[in-house]
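The sequence and structure come first.

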Amino acid sequence: MAEKPLSSPPSPSAAPGSPLARAERFVWLTARVLEQRRFAYHFLRGGADPVEAALTAYLDEDGGYGHALEPDLRGPVSQPLHTAHALRVLDSIGRCGGLRVERICRYLTAVSTHEGALPAIHPSQRAYPSAPFVPVVDDPPGELLSTGPVVGTLHRNQVWHAWLFRATEFCWTAVESLEKSHPYEVQAAVAFLDSAPDRPRAEAAADRLGRLVREQRLAVLDPDRPEEFPVADGYAPGEHHYPHDYARVPDSLARGWFTDEELSRSLDFLAAEQAEDGGWPLRWRAWAPGSALEWRPIVTIEALRTLRAYGRPLDG
């Protein structure tokens with residue numbers, strides 16, 4: 001659910017030297033306007049309007065989003081991953097509805113594959129730089145990686161559109177047929193299951209997925225021994241995932257996959273990852289200076305939101 005800002009004006013900075021104060025300085029030093037506005041909304045009692053206004057700069061005429069909103073895809077063209085990112089931002093500020101989301105759904109319909117799913121990368125990206133780990137192909141298949149988070153976000157906000165029917169069925173089929181997976185695909189599955197309308201079916205699918213995650217060792221359960229857990233094919237060295245990467249909030253279905261001790265160690269690790277400059281590091285491969293610089297404030301905001309969701313102190 002979206003966090004509701006208080007009606008009072010922006011609060012003063014947190015206690016000097018606190019995790020929040022250090023992150024705030026990092027954001028003012030390095031972040032794009034969008035992430036500055038998001039930080040103010042989530043942690044300084046800022047309003048939703050400035051966030052929405054900053055997000056509009058990335059909106060294209062086709063109803064999708066581009067302009068490197070998702071920093072690993074450069075250039076102006078709309079892409080499903082950019083648009084999924086925009087929906088997450090709108091969801092987080094309670095603005096995932098109305099005419100803007102209707103236009104987004106028209107864009108999603110236009111770029112979907114024949115089975116009603118979203119490709120990870122639309123071929124229009126070919127004319128612009130992108131990370132080497134997101135290859136551009138001429139006839140891309142629909143993927144759970146790109147479709148699951150979008151469908152989950154729309155269902156959570158009770159958006160109804162014709163596109164959702166086929167996309168939802170695609171997600172159910174993809175999730176329930178998973179046999180071997182990788183962390184980012186599992187995260188996409190969780191994003192879908194956490195808001196899928198059929199709750200008993202979602203709980204059953206999540207239970208099966210959690211067993212798969214543990215059997216295939218897709219989550220580092222002991223942060224002191226990450227070398228005992230494999231890195232997925234194609235990932236960067238050390239690109240591990242931890243319990244908090246799947247269960248970002250306590251009411252996620254993925255929370256049930258881990259013991260209290262496992263999750264506590266994971267959150268301890270997340271808190272300790274804050275770097276000397278106040279931001280959180282990237283765990284995936286940095287391929288261009290600009291994209292890495294733009295990603296770190298995003299990662300920092302999400303780390304703070306996860307820690308706060310679990311009641312970890314940030315401003316003392």
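Cys-171 is buried, at 0% relative accessible area (buried means under 20%, exposed over 50%, partly exposed in between, with a 1.4 Å probe and protein chains only). The model is predicted: local features need pLDDT of at least 70 and side-chain atom pairs pLDDT 80 or more, while totals for chains, interfaces and linings use all residues. Residues are numbered from 1 along each chain as its sequence is written, and side-chain values use heavy atoms, with hydrogens and water left out.

**Cysteines**
- The structure holds zero disulfides (a disulfide is a pair of cysteine sulfur atoms within 2.5 Å).
- Cys-171 is in no disulfide, and its nearest cysteine sulfur, in Cys-105, is 13 Å away.
- Cys-105 is also buried, with a relative accessible area of 1%.
- The closest cysteine sulfur to that of Cys-105 belongs to Cys-96, at 8.3 Å, which is too far for a bond.

**Helices H2 and H12**
- H2 spans residues 33–43 and H12 residues 289–309 (helices are DSSP runs of H or I with at least four residues, numbered from the N terminus).
- Their axes lie 10 Å apart at an angle of about 10° (axes are lines fitted to C-alpha atoms over the stretch in contact, and angles run from 0 to 180 degrees between N-to-C directions).
- H2 and H12 are therefore roughly parallel (angles under 35 degrees).
- Glu-35, Arg-38, Phe-39, His-42 and Phe-43 of H2 meet residues of H12 including Pro-297, Ile-301 and Arg-308 (contact means heavy atoms within 4.5 Å).

Key:
Helices (H or I, at least four residues) and strands (E, at least two) are DSSP runs, numbered from the N terminus. Angles under 35 degrees count as roughly parallel, over 145 as roughly antiparallel, 65 to 115 as roughly perpendicular and the rest as oblique.
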